[in-house]
Amino acid sequence: MSSLSIVTTAVVSFIVTALIGKFLIPFLHRIHFGQPINDIGPTWHQKKKGTPTMGGFMFIVGILAGVGAGWAVLSSQGVDLYNPLERINNTRLLMGIIMALAFGFLGFVDDYIKVIKKHNQGLTERQKMVMQIFIACIYLLACYISGDRSTVLVIPFVNWYLDLGLLYYPVAVFIIVGAVNAVNLTDGLDGLCGSVTFVASLGVMVIASLLSLQGIGLLATATAAGCLGFLVWNFYPAKVFMGDTGSMFLGGLVVAMAFGLGQPIFLVLVGIIYMCETLSVILQVISVKTRGKRLFKMSPIHHHFEMCGYSEVKIVALFSAVTAVGCLLAIWATTML
């Protein structure tokens with residue numbers, strides 16, 4: 001990637017996202033598009049009730065604009081983005097963005113039901129799961145038809161190359177759906193999902209540079225800048241929430257970047273906080289059902305830290321730092337490939 005394309009992508013994504021917030025937030029206030037607050041969080045979260053939601057539209061537009069601007073710069077510099085060696089990488093980029101948009105639309109439907117139809121829980125878990133699996137299958141099918149037919153998973157550090165054959169596809173669906181839901185779970189505190197995804201995207205940007213994957217590098221740059229632009233409005237105390245529209249779109253992008261790198265297992269490192277959030281919910285359910293006792297004061301784990309007395313700002317800082325460590329490990333593992 002050229003430095004000009006990186007800077008252009010970052011600046012456009014950040015500015016477009018931040019500027020949209022200046023107009024979108026007052027509009028959401030006028031139409032009373034406020035966030036309902038579930039009963040499963042700490043009681044003091046009730047004060048956030050009515051904060052505008054669906055703010056994810058801000059960075060969806062910003063990220064798409066950033067990628068488009070960066071791509072235009074690369075093309076103007078005479079970089080051949082359409083040679084046979086880049087075809088699969090371009091396919092992963094395009095299909096990954098489409099997949100993220102599909103997850104974002106599913107999140108929008110969920111938000112719409114919550115806010116407009118006044119159903120606090122939105123879509124049922126079964127409805128969401130069926131649609132998520134469908135989107136994941138379409139993404140993998142599109143990549144397969146376009147020539148991306150690798151069924152190999154790389155295990156970090158030990159450099160084991162596991163060719164799963166047909167088993168790769170159900171495993172990939174599990175990874176995609178699991179990661180999207182994990183990112184969605186992380187969106188529980190002001191600035192948390194945006195900050196963690198900002199750091200994770202920076203890590204992917206470095207890895208993409210090491211692997212000379214220009215398209216994924218642009219996507220990671222745009223995602224990082226878009227998250228930063230959103231944090232202008234979402235950092236504590238939040239003036240707007242991203243909603244499922246935003247968190248599921250970001251989940252789709254995180255997955256798209258991991259598969260675009262050809263390293264979906266790296267999600268365990270780059271997305272270590274996402275994994276911890278999901279595991280905390282799973283372990284909590286298992287503990288309650290088998291022992292009749294809670295393992296955490298509240299799950300997902302960011303609520304446990306809240307119940308222990310940590311402020312939202314401290315939790316965001318801690319989780320972002322842990323993500324940074326995971327990214328450094330992923331970068332190290334990449335240099336060992």
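In the predicted model described here, residue H32 is placed in the loop that runs between helix α1 (3–30) and helix α2 (56–76). With a relative accessible area of 66%, H32 is exposed, since residues count as exposed over 50%. Between the C-alpha atoms of H32 and G217, which are 185 residues apart along the chain, the separation is 38 Å.

Residues up to four places away in sequence being left aside, S5 touches G70, V73, L74 and L218. G62, for its part, is located in helix α2 and likewise counts as buried, at 0% relative accessibility. With residues up to four places away in sequence again not counted, the contacts of G62 are with S13, V16 and T17. From G62 to M99 the distance in space is 17 Å, C-alpha to C-alpha, and the two residues are 37 residues apart in sequence.

The packing of helices was examined next. Two packed helices are described by the angle between their axes and the distance between the axes. For helix α6 (residues 192–210) and helix α10 (residues 272–291), the angle is about 140° and the axes are 9 Å apart. Angles over 145 degrees would count as roughly antiparallel and those from 65 to 115 as roughly perpendicular, and α6 and α10 are therefore oblique to each other. On the side of α6 the contact is made by L192, V196, T197 and A200, and on the side of α10 by I273, Y274 and E277. Sorted by class, the residues in this contact of α6 with α10 comprise five nonpolar, one polar and one charged.

Aromatic residues were then considered, and a search of the whole structure finds 11 aromatic pairs. One of these is formed by Y139 and F259, whose rings are arranged edge-to-face, at 6.1 Å centre to centre and with 85° between the planes. Because Y139 lies in helix α4 (residues 125–145) and F259 in helix α8, this pair ties together parts that are 120 residues apart in sequence. Y139 is buried, with a relative accessible area of 5%, and F259 is buried as well, with a relative accessible area of 5%. A further edge-to-face pair is that of Y144 and Y169, with 6.3 Å centre to centre and 80° between the planes. Here too distant parts of the chain are linked, Y144 being in helix α4 and Y169 in helix α5 (residues 168–186), 25 residues apart. Y144 counts as partly exposed, at 36% relative accessibility, and the face of Y144 has R149 lying over it, at 4.4 Å from the ring centre. Elsewhere, F57, F105, F108 and Y112 are linked into a cluster by ring pairs.

The backbone was examined last. Most residues other than glycine have a negative phi, and most peptide bonds are trans.

Positive values of phi occur in residues other than glycine, including N159, for which phi is near 55°. N159 is placed in the loop between strand β1 (152–155) and strand β2 (160–163), and at 24% relative accessibility N159 counts as partly exposed. Phi of S212, also a residue other than glycine, is positive and near 60°. S212 lies in the loop between α6 and α7, and, at 51% relative accessibility, S212 counts as exposed.

Definitions and conventions. Residues are numbered from 1 along each chain as its sequence is written. This is a predicted model: local features need pLDDT of at least 70, side-chain atom pairs count only at pLDDT 80 or more; totals for chains, interfaces and linings use all residues. Side-chain values use heavy atoms; hydrogens and water are left out. Axes are lines fitted to C-alpha atoms, for helices over the stretch in contact, and angles run from 0 to 180 degrees between N-to-C directions. Helices (H or I, at least four residues) and strands (E, at least two) are DSSP runs, numbered from the N terminus. Angles under 35 degrees count as roughly parallel, over 145 as roughly antiparallel, 65 to 115 as roughly perpendicular and the rest as oblique. Contact means heavy atoms within 4.5 Å. Ala, Val, Leu, Ile, Met, Phe, Trp, Tyr, Cys and Pro count as nonpolar, Asp, Glu, Lys and Arg as charged, and the others, Gly among them, as polar. Buried means under 20% relative accessible area, exposed over 50%, partly exposed in between (1.4 Å probe, protein chains only). Rings of Phe, Tyr and Trp (its six-membered ring) pair if their centres lie within 6.5 Å; planes under 30 degrees apart count as stacked, over 60 as edge-to-face and the rest as tilted. A charge sits over a ring if NZ of Lys or CZ of Arg is within 6 Å of the ring centre and within 35 degrees of the ring normal.
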